Every structure is written in C-alpha cells, then in structure tokens.
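Biologist: I'm new to this one. Could you take me through a close look at how the helices in one part of it pack together, and then at what lies around them?

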Amino acid sequence: MTTAGEPSGDDDTAWGAEAPASVVRPFLLTAGRIAGGDSLVPPMPIETQVVSTDMGLAALDALVFDQHRDIIAVCRQPQSLAEIAAKLRMHLNVIRVLADDLRADGQLALYAPQADSARDATVLRRVIDGLRAIPDSRGAIRER
C-alpha cells in the first residue's frame, strides 16, 4: 500500500534506485586476501590518493577482470580509496587489496598521506571548517 505521491514498491526507477552491486563475493575478488593482513604492514589509509599510470591506461582494454578495469578507468583523475569504493559500490578493503595489486603491476600509482599528518590538529580544524561551510537543507550556513 502506498500513500499519495509515493511510487509503488514495484517501480524502483521512481525512487532513483541504482543498479544492484556485483553479486560476486568480496573474498573471491581478492582470492581470500585481506587489507592489512600482514600485522607488520597496516592497511592503506582511506584518504590514499590513487591515479592510473600510462601503463595502466594502455592496458585498460586487455585487462581480464572487470573490477581491475573499472578501478583503472575511474582513476584517470586522482581519487581517494574511499571515493573509488563509493563510485564502484565495492567494499573498501576489497579496493585496498585490488589497488595494491594494480600498483604492484605498475598500473596504478598510490600516494599515501604522511603518517604525522593524521596527528596534525590543523588538518582536523580545516575539515571541521569545511563541513561547517556546507549549507544545511534550508541553505543556511552554520555559525562558528
């Protein structure tokens, strides 16, 4: 039963529903490997910037796995790991593993932030100021 003005449950396009995510299980995409599985090497931070290399772009059509092709295609412009995961609707840790594989093959370049920047209060202050600058649903900007 729907109320006036609401689309029926059968009409997904009226709600702006996206296509379903891949039905392939994440552990199959990574061959069971997990990001940060080696306790000596922590997982890449989600803000790590990723960009396709010339070699990766040249090999784009020859890649066997759709996920590898999609990652290289979306990284024509620098993207963070979090952005890639959101755009491709894949789990962040799967993106971490696949991006590291593509980096090892020379198809992606990864630029991780410096470890000390995570403890820098000025970075946090800039993030907070940036969030406050986003208008709310009424278009009003929060006061500081």
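Modeller: Let's start where α3 and α4 cross: that crossing is right-handed. Keep in mind that this is a predicted model. Helix α3 covers residues 66–74, and its axis comes within 11 Å of the axis of α4, crossing at roughly 120°. That makes α3 oblique to α4. If you want to find the spot on screen, look for Asp70, Ile71 and Val74 on the α3 side, which meet Ile84, Lys87 and Leu88 on the α4 side. Sorted by class, this contact has 4 nonpolar and 2 charged residues, with no polar ones.

Now follow α4 to its other helix contact. Helix α4 is residues 81–88, and it packs with α5, residues 92–104, at an angle of about 115°, the two axes being 9 Å apart. That makes α4 roughly perpendicular to α5. This crossing, too, is right-handed. On α4, the residues involved are Leu81, Ala82, Ile84, Ala85 and Leu88, and they meet Leu92, Ile95, Arg96 and Ala99 of α5. By class, that gives 8 nonpolar residues, 1 charged and no polar.

Next, the strands. There's an open sheet of 3 strands, in the order β2-β1-β3, with antiparallel pairing. The edges are taken by β2 (79–80) and β3 (108–111), each with a single partner strand, so one side of each has no neighbour in the sheet. Strand β1, residues 49–52, pairs with β3 over 4 bridges, in the antiparallel sense. One of the residue pairs to look for is Ser52, whose bridge partner in β3 is Leu108. With β2, strand β1 pairs over 2 bridges, again antiparallel. Here Gln49 has Ser80 of β2 as its bridge partner. As for what joins such strands, those of a sheet pair through backbone hydrogen bonds.

One last thing to keep in mind as you look around is confidence. The protein averages a pLDDT of 74, and 62% of the residues score at least 70. Residues 11–15 have a pLDDT below 50, and this stretch has 5 contacts in the model beyond near neighbours in sequence.

Technical notes:
Residues are numbered from 1 along each chain as its sequence is written. This is a predicted model: local features need pLDDT of at least 70, side-chain atom pairs count only at pLDDT 80 or more; totals for chains, interfaces and linings use all residues. Side-chain values use heavy atoms; hydrogens and water are left out. Axes are lines fitted to C-alpha atoms, for helices over the stretch in contact, and angles run from 0 to 180 degrees between N-to-C directions. Angles under 35 degrees count as roughly parallel, over 145 as roughly antiparallel, 65 to 115 as roughly perpendicular and the rest as oblique. A crossing is left-handed if the near helix is turned anticlockwise from the far one by less than a right angle, and right-handed if clockwise. Contact means heavy atoms within 4.5 Å. Ala, Val, Leu, Ile, Met, Phe, Trp, Tyr, Cys and Pro count as nonpolar, Asp, Glu, Lys and Arg as charged, and the others, Gly among them, as polar. pLDDT is the predictor's confidence in each residue, from 0 to 100. Two strands pair if DSSP finds at least two bridges between them.
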